[in-house]
Amino acid sequence: MTQREKIVDHVSQMILSLGVKSVRMDDVANSLGMSKRTLYEMFGDKEELLYEGIVRYMDNRYEELSIRAKQFNNMLEILLESVRSLCNNGMSRDVECPFTTNLKKFYPVVHERVQRYHSDRGLKGLQYALDECREEGYLDEHVDIELMARLFLTTVGMLISDKNIILPENISRQEAFGAMVVNFLRGLASQKGL
């Protein structure tokens with residue numbers, strides 16, 4: 001692992017434990033036993049270091065999902081397990097909602113870059129998964145995968161982030177998300193997929 005990778009890993013952990021607002025270049029440098037000047041020479045500015053730390057965290061989560069996915073027999077099972085995992089873990093709202101709010105408030109440029117990275121990666125991942133499901137015979141062969149993936153991700157984004165969406169009193173956002181995913185997949189499913 002290179003020095004840069006070690007620094008990014010360390011910052012990623014600092015962001016998780018302290019929150020994005022509390023990560024200071026002085027603290028990063030001191031905790032790594034290096035000068036602040038070295039950090040600036042390597043990353044240019046704090047925003048770049050924060051961006052790379054957040055992307056590392058996201059990449060690690062994607063890697064964990066990939067490792068868990070190997071235990072399943074087909075892509076449809078992987079998609080359904082991913083939904084169960086998201087719902088059972090509260091969609092990470094306890095950590096990610098304040099984190100996202102602070103990132104957007106204090107580092108809007110970084111927030112925008114992270115959102116774009118997350119959206120691009122999520123879209124590619126969902127398109128790949130849906131293509132695999134279609135190849136395996138679980139989705140209707142006439143489904144426009146790109147269109148459905150984009151519509152789905154836009155709708156999920158609104159469900160998760162828009163506080164003005166009113167759900168029935170006894171339904172959590174996680175439950176609504178789970179129901180939405182199941183109905184989305186049923187709508188795309190072939191007879192085998194159903």
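This is a predicted model: local features need pLDDT of at least 70, side-chain atom pairs count only at pLDDT 80 or more; totals for chains, interfaces and linings use all residues.
1. Residues are numbered from 1 along each chain as its sequence is written, and side-chain values use heavy atoms, with hydrogens and water left out.

2. Take a look at helix H1 (residues 3–18) and helix H4 (residues 46–69): their axes come within 8 Å and cross at roughly 80 degrees. That makes H1 roughly perpendicular to H4 (the label covers 65 to 115 degrees). Axes here are lines fitted to C-alpha atoms over the stretch in contact, with angles from 0 to 180 degrees between N-to-C directions; helices are DSSP runs (H or I) of at least four residues, numbered from the N terminus.

3. Who touches whom? Contact means heavy atoms within 4.5 Å, and H1 brings residues including Ile7, Val8 and Val11, while H4 brings Leu49, Leu50 and Ile54, among others.

4. Helix H2 (residues 25–32) and helix H3 (residues 36–43) also come within 8 Å, with their axes crossing at roughly 105 degrees. H2 and H3 are therefore roughly perpendicular to each other. Met25, Asp26, Val28 and Ala29 of H2 meet Lys36, Leu39 and Tyr40 of H3.

5. Now for charges over rings (NZ of Lys or CZ of Arg within 6 Å of the ring centre and within 35 degrees of the ring normal). Arg113 has its charged end over the ring of Tyr51, 3.7 Å from the centre, and Lys192 does this with Tyr138 at 4.6 Å.

Key
Helices (H or I, at least four residues) and strands (E, at least two) are DSSP runs, numbered from the N terminus. Angles under 35 degrees count as roughly parallel, over 145 as roughly antiparallel, 65 to 115 as roughly perpendicular and the rest as oblique.
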